Amino acid sequence: MTSTPSKSAAASRLRTLDLTYVALFTVLMAVGAWISIPVPAPLVEFTMQSFAIFAALTVLGGRRGTYAVAAYLLLGAVGAPVFAGFHGGLGVLLGTTGGYIVGFFAQALLYWAMTAKLGDSLPVKALACAAGQFVCCYGIGTVWFITAYTQANGPISVLTALGYCVFPFIVPDLLKLALALAISRRVSGYLK
């Protein structure tokens, strides 16, 4: 005679499944950060990290996607080499590009809030990701970049900072978002 699992056992499996998905996308973020096109300083490197953030949010949803981003940031903060160039530690987060990494967490929170309020239709997902990228990642990252760069090298104009850190990334990031949305449409039905 086989017994049917109780609700608490089923809930326990769901939590385990959630943790598995979070861990998988945390690793995807690290791998995405390692795939980079080096550029001369002070420009920010081109990586696939933002694609991994978009994929985590659109595939896993706001709650689990935010957990994955938080796990990624915590791993990097304690020194695991999960950031671009196989770097990790608080020094990276406090450096000129640290604001963009911290901005990913704010982006995830905004995505979670927007999809919780407006639903998780494809247009809402696209809008939430784009808003998070522009407001949180680019916004926080650029302010952080200007502050850190000014302390280390002297003053820099906002337009110059945007030229280094935002303008070259807009089209590639929109393409990464489109790819993440296409993938999420294909795989979301398979996730529980």
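## Aromatic pairs

Rings of Phe, Tyr and Trp (its six-membered ring) form a pair if their centres lie within 6.5 Å; planes under 30 degrees apart count as stacked, over 60 as edge-to-face, and the rest as tilted. In the whole structure, a search finds 7 aromatic pairs. Tyrosine 72 and phenylalanine 83 make an edge-to-face pair, because their ring centres are 5.5 Å apart and their planes stand at 80°. Tyrosine 72 sits in helix H3 (residues 62-77), and phenylalanine 83 in the loop between H3 and helix H4 (90-94), so the pair ties together parts 11 residues apart in sequence. Helices here are DSSP runs (H or I, at least four residues), numbered from the N terminus. Both tyrosine 72 and phenylalanine 83 are buried (under 20% relative accessible area, with a 1.4 Å probe and protein chains only; exposed is over 50%, partly exposed in between).

Phenylalanine 134 and tyrosine 138 are also an edge-to-face pair, 5.1 Å centre to centre with 85° between the planes. They are 4 residues apart in helix H6 (residues 122-153), which means a separation of about one helical turn. Phenylalanine 134 is partly exposed, at 37% relative accessibility. Tyrosine 138 is buried at 6%.

## Basis of the model

The model is predicted: local features need pLDDT of at least 70, side-chain atom pairs count only at pLDDT 80 or more, and totals for chains, interfaces and linings use all residues. Residues are numbered from 1 along each chain as its sequence is written, and side-chain values use heavy atoms, with hydrogens and water left out.

## Helix H2 against H6

Helix H2 (residues 49-60) packs on H6 at about 140°, with the axes 11 Å apart. The angle makes H2 oblique to H6. Axes are lines fitted to C-alpha atoms over the stretch in contact, and angles run from 0 to 180 degrees between N-to-C directions. Oblique is what remains after roughly parallel (under 35 degrees), roughly antiparallel (over 145) and roughly perpendicular (65 to 115).

Ser50, Phe54 and Thr58 of H2 meet Lys125, Cys129 and Gln133 of H6; contact means heavy atoms within 4.5 Å. The contact residues divide into 2 nonpolar, 3 polar and 1 charged.

## Phenylalanine 86

Phenylalanine 86 has a positive phi, near 60°, and is not a glycine. Most residues other than glycine have a negative phi. Phenylalanine 86 lies in the loop between H3 and H4. At 53% relative accessibility, phenylalanine 86 counts as exposed.

Methods: Helices (H or I, at least four residues) and strands (E, at least two) are DSSP runs, numbered from the N terminus. Ala, Val, Leu, Ile, Met, Phe, Trp, Tyr, Cys and Pro count as nonpolar, Asp, Glu, Lys and Arg as charged, and the others, Gly among them, as polar.
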